Each structure stands twice: as C-alpha cells, then as structure tokens.
Amino acid sequence: MGFASASREEKLKMMKTSHSRKTTRKLNRLAKKKKISRNVIDSLKDIKARKSKDSRKRAVYVEDDWVADREAQFDEEAEDNLPLDMLDADIDWENSAFAGAKRRYDQKLAGEAGDDREDDNSSDLEAKRRKFEGQLDDNVQEMLPIKLKDGTLLRPTREKDEESSDEDQEQEDEEEEAKPEMEDYSSLSATELLAKRKELIDQFKQTISSYAHHLLTNPQENIYKLRDLFHLCQGEKVHSLVRETVQKLALVSMLQVLIDIIPGYSIRELTAEEKQQKVKKETKKLQTYEESLLRYYLKFLQFCEKMTGSMLVFPSFLSVVEARDESLPELNVKGRKLDESSFTHKMGLLCLKAMSRLVISAPHFNYATNILSTLIRLSLCKDQAVVTEVCTTLHQVFREDLHLRMSLFGARSIASLVMKRKGHVPPQLIATFLSLNIREVKNEDKKSGKGRIFAKRAMIKKERANKTARKYKKQLDKLEADLKELDAAETLSTKLKTATETMKHVFQCYFSVLKRVPNVALLEPVLEGLSKFAHLLGVEFFEDIVLTMEGLVDREHLRLLDQLYCVNTVFVILSGEGQLLNVDPSRFYRSVYRLLNQLPFEKRLEIRRKQMVVVSKALDLMINERRKQLPLSRVAAFVKRLLSIATVMDDPSALCLVALVRSFFIAHPKLVHLVEEDDSEGGAGGVFRADIDDPDVSNALGSSVRPELKMLARRRHRSLNQFAQNILHSVPSTGPHKLSPQQTSIKPWTLMERELEEAGGYSQVDMKYMEDIEKYLQVSCHCTKLVISGIVKHKLNTNTNTRHMLLKNAVFEFVIAAP
C-alpha cells in the first residue's frame with residue numbers, strides 16, 4: 001500500500017516515522033563527531049532502549065517457547081511404553097539404544113517412591129522441624145551481605161563444611177603443640193642462669209634484627225613481620241628469664257622500623273564499596289600493605305597507651321594537689337602504689353618516649369592527634385621526668401608545625417584540660433604555648449572574590465561572538481591570573497584562620513588562670529605568654545588586660561621577671577592599636593625604675609638572661625617608641641640608673657644596657673649634655689637623688705654619666721669598651737670612636753644573645769674592679785670596706801635599694817679618686 005492510497009492515520013504515522021529516522025541519523029552523526037553533550041547521548045540511548053523493548057521481549061518469548069516445547073517433547077518420550085523385554089535383567093541396557101529411556105524411567109519410579117514415603121509420614125507433622133519463609137536450611141550458612149550501587153542488598157549463602165569444625169579443632173591443637181614449652185631453669189646455678197640468659201638474649205637479638213632487616217629491605221612483601229615484632233613487644237612466647245629485656249629491645253626496634261617505613265601521606269581507610277571493586281594486582285598489593293601497616297601501627301599505639309596509663313596519679317589526689325599530705329602514698333589510676341623502680345614504670349617511660357618520637361617524626365600520619373591527646377593527659381603525672389618529656393615533645397611539635405593543624409589541636413586540648421582541672425596543671429604545660437609558630441592572626445573575615453571572577457568569566461564567554469580571538473584570549477588569561485592569585489590568598493587566609501582559632505584557645509587558657517590564680521607558679525608562663533602574644537589580642541580585651549597587669553605589677557610575691565613581663569605586656573598593647581586607650585602609663589615607668597635596682601642580684605644565669613631581654617624590650621617600647629610623649633628628665637633618670645647598674649654587672653648584660661642607652665641618646669639628642677665635661681651652660685641645678693624611685697623628681701639632668709662611662713670603658717670586653725667610648729664622646733658617627741654598622745644595626749638584646757653564643761654562655765664575672773674598690777677602701781675607710789665586702793658577697797640583710805646605694809657610693813668614690 002502506497003502513501004497516496006493510505007488512510008489519514010497511516011499517513012501521519014509514516015510521516016512521523018520518517019522524521020524520527022532523520023533526527024536519529026543526525027544525532028548519531030553528531031555523536032560520532034563528539035559535538036553533543038553526554039546527557040543528550042544518554043537520553044538518546046534511553047529512547048532506543050524503550051523502542052526496542054517490545055522486540056527484546058518477543059525474542060525472550062521465542063526462546064521460552066522453544067525451551068517449553070523441548071520439555072514437553074521430553075516428557076512425551078518419557079511416557080512412552082518401554083518394550084517388555086527391557087525388564088529382563090540379562091540384557092545390557094546401559095549399552096543399548098534404550099539406555100536414556102531406561103534411566104529416565106528409573107528416575108521417575110524413584111520420585112514416585114519418595115512421594116509415597118512423604119505421604120506415609122504426613123501424619124507425624126508435629127515431630128518435624130518447622131521452617132519459616134526466609135529461614136535457611138541446616139546445611140546452609142549466610143555470608144556477609146553485599147550492597148550494590150542501586151541500593152539492592154544481596155545476601156549470599158554457602159553450604160556448611162561438615163569437616164570445618166573438626167579442622168578448626170585440629171588447627172588449634174597444632175597451634176598448642178607448636179607453642180614452645182617454657183623450660184624450667186630452677187635447677188641451674190647462678191652462673192649457669194647468667195650464661196643461659198645471655199644466650200637467650202643473643203638469640204632474640206638475632207631474631208629481632210632479622211625481622212627489622214626484612215621489613216626495611218622490602219616492606220610490602222614482609223609486612224607480616226610487624227606482627228611477630230609486636231608479639232615480642234608484648235612478651236609472647238618469651239621465657240620469663242629474658243622477657244623484660246626482649247620486650248624493651250622489640251619495642252625500640254619496632255619504633256624505628258615504623259619511623260622508617262611510614263609513608264609521607266595519611267592512609268585513608270577503604271569503604272565497603274571500594275573493597276568490592278576490582279583493581280589491578282599492584283594496587284591490591286599496595287592496599288593490603290597499607291591496611292596491615294595501619295592495623296599494627298594502631299595496635300602498637302594502643303599497647304604504648306596501656307603501658308603509660310599506669311603512671312597517671314589517681315584523680316582524687318590530683319584535685320587536691322596543693323593541699324595534699326606529702327605522707328600519703330602516690331597511687332595510679334588503678335589505685336596501686338607507684339613504684340618507679342618497677343618494670344611497668346620503666347616500660348611506661350619507654351613507651352612514652354616512643355610515642356613522642358612518633359608524633360615528632362610523623363605528625364602528618366594517622367592517629368597523630370590521638371598521640372598528642374594522650375601526651376597532654378600524661379602531663380598530669382607526678383613524675384617530673386614524665387612531665388619534662390611530654391612538655392619537651394609539645395615544644396618541638398609546636399615549633400615545627402608549619403600548617404598549624406597540630407598546634408590548633410594541642411591548644412584546644414590544653415585549654416580544655418585547664419578548664420576541666422580549674423587550673424591545677426603543671427606550669428610547664430602552659431609554657432609550651434611559647435613555642436607556637438604564630439606571628440599574625442586574621443582579625444576580620446573578608447569575602448572571597450572568586451564568585452565575582454567566575455561571573456565575569458561567564459559574561460566574557462557569552463559575549464565571545466562580538467570579540468576577536470586575541471581580545472577574548474587576553475581577557476581570559478587575565479581572569480585566570482586573578483584566580484590563581486585568589487587561590488594563593490585563600491591558602492594564606494586558611495592558615496590565618498587556623499592561627500586565629502589557635503590563639504583563641506591560648507588566650508582562653510591564659511584568662512582562666514588569671515581569673516582563678518590557683519598557683520603562683522602558673523603566673524610565670526601566663527605572663528610570659530601574654531608578653532609575647534599581646535600584639536595578637538583583640539581590641540575588646542585591651543582595657544581589661546591593662547587593669548589586670550596594673551594590679552599584678554606591684555605584688556610582692558611576684559618574681560622580678562614576672563613583674564617585667566606585666567610591664568612589657570602593657571606597653572606592647574599601648575604601642576599598637578591600644579594607643580587610643582585612656583591610660584596613664586606613668587605608674588608603670590615608676591615601677592620599672594624601681595625594679596631596675598634588683599637586676600644585679602640575680603644569680604641564676606638563665607633567669608638573668610631572660611630578665612635582660614625583657615627589660616631591654618620593655619625600655620625600648622617605653623622610651624624609644626614613645627619618645628614624643630616623654631619629658632627629658634625622665635629619660636635622663638633611666639640613663640643614669642641603667643649605666644650605674646651596668647658597672648656592677650657581667651660583660652654581656654652590661655653590653656646590652658650600654659647599647660640600649662646609646663639608642664636613648666640617638667632618640668633624644670638633648671641627652672648629650674650628660675656627657676659634656678663643662679656643664680656651666682647646660683643642665684639643671686640641684687643634686688641627683690638616686691634614692692628616690694620616681695624618675696620625674698630625681699633631678700637626673702643635674703648630674704653627669706661620665707664616671708660610669710669611664711668605668712665601663714676600662715672593661716676588658718672589646719665591644720663594651722667601644723660602646724662606652726662612643727657614648728662618652730657624644731655618640732659620633734665618624735672619627736676614631738665611631739661604631740661599625742654591624743654593631744649599631746642590631747637590637748641590644750640580640751647583641752647580647754650573639755655575645756653569649758660566641759662565648760659559649762656566661763663566664764665568671766670579672767671581679768677586678770670590685771677588688772680595686774676594696775683596696776681603695778682599705779686606705780680610706782676600714783668600716784666602709786666591711787660594708788662593701790658584705791654587699792659583694794650578697795650577705796647583707798638590708799633591702800635591695802640600700803645595698804645598691806651603698807655599693808654605688810663606694811664605686812663613685814673609687815672612680816673619682818682613680819687616676
């Protein structure tokens with residue numbers, strides 16, 4: 001039938017079919033040229049699948065009809081009557097032409113017999129075991145379910161192996177037989193026991209070294225050796241005669257092996273779907289290796305945590321550390337008495353050092369934060385060696401953490417512990433914050449410009465038809481460059497956000513201690529930390545911190561170093577965004593002026609070094625940074641007192657003070673009249689009052705600093721001599737008394753640190769000038785000699801200001817009388 005003679009419905013159908021074919025051919029051509037998107041291709045496949053659905057069903061039906069026809073024909077053949085002679089047993093039916101028919105006939109008879117037996121037993125239904133829908137047979141066991149991508153849940157099954165239980169029992173028996181029987185050495189003498197012990201230790205050393213060698217040469221092939229090493233760490237299959245020594249050797253060896261084979265990335269655990277996927281042989285091998293490494297790494301950490309847990313003090317005693325009776329025994333978390341000489345305690349210390357090395361060597365690897373949390377918890381131990389090891393590890397982790405991920409976790413954990421324990425933590429733990437590698441924080445969140453750039457790029461691509469290819473490419477390149485710059489800025493912004501979050505926890509810890517003050521010892525690291533990180537504080541905390549420092553600076557029970565930290569914190573705040581605060585810092589100037597007299601009487605070298613660094617930084621902020629806000633008389637008083645103190649201090653400390661005074665002369669040029677020989681035209685009248693602790697009324701402008709500078713110029717230290725001569729000659733920049741740029745371009749405290757590093761630390765204080773003073777006083781006044789000798793040896797019971805004044809009067813008399 002043609003198109004002309006067809007009905008209207010048939011014509012419409014034929015036109016529609018023709019149009020569909022043309023469209024399909026066009027889409028196929030475009031797909032081959034890859035000019036259409038993937039979703040269009042998928043839609044086309046779905047349309048074809050729906051169209052061919054009926055055809056595929058017909059093909060399936062044809063196949064089913066053929067199978068049904070064959071089964072029907074087979075049944076008809078089976079029902080045919082067999083010849084009567086088939087019943088004859090003498091005929092070999094297996095090799096005859098009716099062998100197949102005979103076999104089907106026998107099967108049919110056997111089935112009928114089974115049905116008859118079931119009918120006979122139908123009366124005994126109550127004795128049969130019930131079976132519900134979904135219940136498996138007795139000889140079938142269910143395996144682990146498998147979930148497909150489309151959400152279908154498969155529950156595979158398999159037949160039970162009847163001999164499996166017997167084989168398991170046999171395997172257990174074989175393992176028991178394989179276990180080495182511990183020999184009885186009770187009958188051996190002491191000499192024989194020592195020889196046997198040495199022999200066993202040598203054997204285990206060879207075994208451990210063999211395991212470690214195999215693991216280091218080919219970790220992927222020999223990763224199962226970690227299991228054997230771990231069993232030796234636990235002391236399994238080791239005789240009690242050498243168990244403790246073998247456990248230590250195995251623990252140290254496994255630690256070093258883990259450090260060497262740990263990869264430079266964190267291992268991600270595979271999901272259930274990923275484990276079912278088919279991968280290459282090499283990939284499967286790597287996955288197995290990583291899984292085994294992670295499993296035994298976790299077991300090793302759990303073993304170390306278990307061994308170190310015995311060193312923690314019982315919580316009830318921790319809550320009353322300050323008021324605890326020293327006569328009470330120290331108990332661990334299990335309530336047992338702590339014995340530092342026991343093997344458990346020694347093994348715990350070894351495990352602690354192992355965890356410390358792991359978190360330092362592999363902070364990027366799995367469970368690093370868990371190790372850090374365990375170490376912070378162990379800082380509550382009463383054993384000072386444990387606390388020192390933990391805090392040293394935390395210092396190194398914070399110092400080497402460039403991405404600040406571990407710093408954030410550590411700060412959060414320490415702050416949480418301080419809040420939970422209400423400040424009853426060791427001061428060394430809070431002092432670990434001083435090693436944080438943070439110099440800047442993010443004060444406000446700025447919106448990223450990525451969205452604006454993406455929108456602009458889409459607009460450029462949309463207007464591409466109206467632009468030349470060169471102009472289009474130029475604009476896209478510029479946008480890509482801006483995008484890369486934004487990515488780098490976002491990376492830095494992420495780090496700054498992490499630093500900001502870290503400092504929030506640090507300041508939370510500091511404020512909690514300042515609020516409660518549970519222990520005076522905790523103020524030392526807190527005040528030092530506030531002095532270091534004061535420039536990172538938010539503006540909303542400035543006024544409260546200044547008021548708190550004002551109340552602490554004059555407390556008598558505080559150390560000199562802590563009082564200097566308070567002053568330095570205040571002036572760090574006032575020199576930055578806190579300049580707008582309505583605070584009068586004059587009382588802090590008086591406090592520092594009073595505290596300077598105590599500097600020469602510090603005997604501990606490390607504390608003396610810290611004091612000089614803090615006081616030089618604080619005075620640099622107080623006088624040099626605020627030079628436009630200070631009267632000249634106040635600066636002159638500080639110059640006079642600093643040079644007087646420098647005459648009785650060691651060379652590095654004196655060099656720091658003299659270099660600081662030189663910076664005062666440069667910032668305040670009018671101070672030059674203090675070193676002029678002829679004071680007839682300048683200066684102020686009156687007498688300098690060194691016994692007054694107020695720099696504004698001490699009348700320092702009416703005095704001279706030439707005697708102190710002359711005394712310092714006689715020192716044997718070359719740099720100190722040069723600085724003193726430079727100030728004595730009015731700080732010249734040219735001529736014979738000028739200083740080199742290497743000396744004047746660095747800060748005073750840095751200059752002191754460099755001198756100490758070159759000299760290898762503090763040396764004995766040069767007492768030549770003290771001896772000269774005593775010789776001079778022997779001639780002038782025997783009584784004064786006794787007073788000065790007592791001051792030099794620090795045996796007088798008078799206060800610091802009185803000792804300082806008596807000593808300085810003697811020094812001045814000696815300098816004036818000296819030729």
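Visitor: What makes helix α26 (residues 706–713) count as largely enclosed by the rest of the structure?
Guide: Six of the eight residues of α26 are buried, a word that stands for under 20% relative accessible area, with exposed meaning over 50% and partly exposed in between (1.4 Å probe, protein chains only). The buried residues are Arg706, Glu708, Leu709, Met711, Leu712 and Ala713, and with six of eight below the limit, α26 is therefore largely enclosed. The model is predicted, and local features need pLDDT of at least 70, while side-chain atom pairs count only at pLDDT 80 or more and totals for chains, interfaces and linings use all residues. Residues are numbered from 1 along each chain as its sequence is written, and side-chain values use heavy atoms, with hydrogens and water left out.

Visitor: Why is the pairing of Glu708 and Lys640 called a salt bridge?
Guide: The term requires a side-chain nitrogen of Lys or Arg within 4 Å of a carboxyl oxygen of Asp or Glu, and the side chains of Glu708 and Lys640 meet with an N to O distance of 3.1 Å. This pair links distant parts of the chain, since Glu708 belongs to helix α26 and Lys640 to helix α24, 68 residues apart. Both Glu708 and Lys640 are buried.

Visitor: What places Arg608 and Asp650 in the salt-bridge class as well?
Guide: Their side chains come to 2.7 Å, N to O, a value that meets the criterion just given. Here too distant parts of the chain are linked: Arg608 sits in helix α23 (residues 605–624) and Asp650 in the loop between α24 (632–646) and α25 (651–667), 42 residues apart. Arg608 has a relative accessibility of 9% and so counts as buried, and Asp650, at 5%, is buried too.

Visitor: Why are helix α19 and helix α21 called roughly parallel?
Guide: The axes of α19 (residues 520–533) and α21 (residues 560–574) come within 8 Å and cross at roughly 25°, where axes are lines fitted to C-alpha atoms, for helices over the stretch in contact, and angles run from 0 to 180 degrees between N-to-C directions. Angles under 35 degrees count as roughly parallel, over 145 as roughly antiparallel, 65 to 115 as roughly perpendicular and the rest as oblique, which means that α19 is roughly parallel to α21. On the side of α19 the contact (heavy atoms within 4.5 Å) involves Glu524, Leu527, Glu528, Leu530 and Ser531, and on the side of α21 it involves Asp562, Tyr565, Cys566, Asn568, Thr569 and Val572. By class these are five nonpolar, three polar and three charged residues, with Ala, Val, Leu, Ile, Met, Phe, Trp, Tyr, Cys and Pro counted as nonpolar, Asp, Glu, Lys and Arg as charged, and the others, Gly among them, as polar.

Visitor: How do you know how helix α12 and helix α14 are oriented to each other?
Guide: The axes of α12 (residues 343–361) and α14 (residues 384–400) come within 10 Å and cross at roughly 5°, and α12 and α14 are therefore roughly parallel. Among the residues that meet are Leu349, Leu352 and Ser356 of α12, with Val386, Val390 and Thr393 of α14. The whole contact divides into seven nonpolar, three polar and three charged residues.

Visitor: What elements make up the protein?
Guide: There are 32 helices and four strands, which are DSSP runs (H or I of at least four residues for helices, E of at least two for strands) numbered from the N terminus. Of the 819 residues, 37% are buried.
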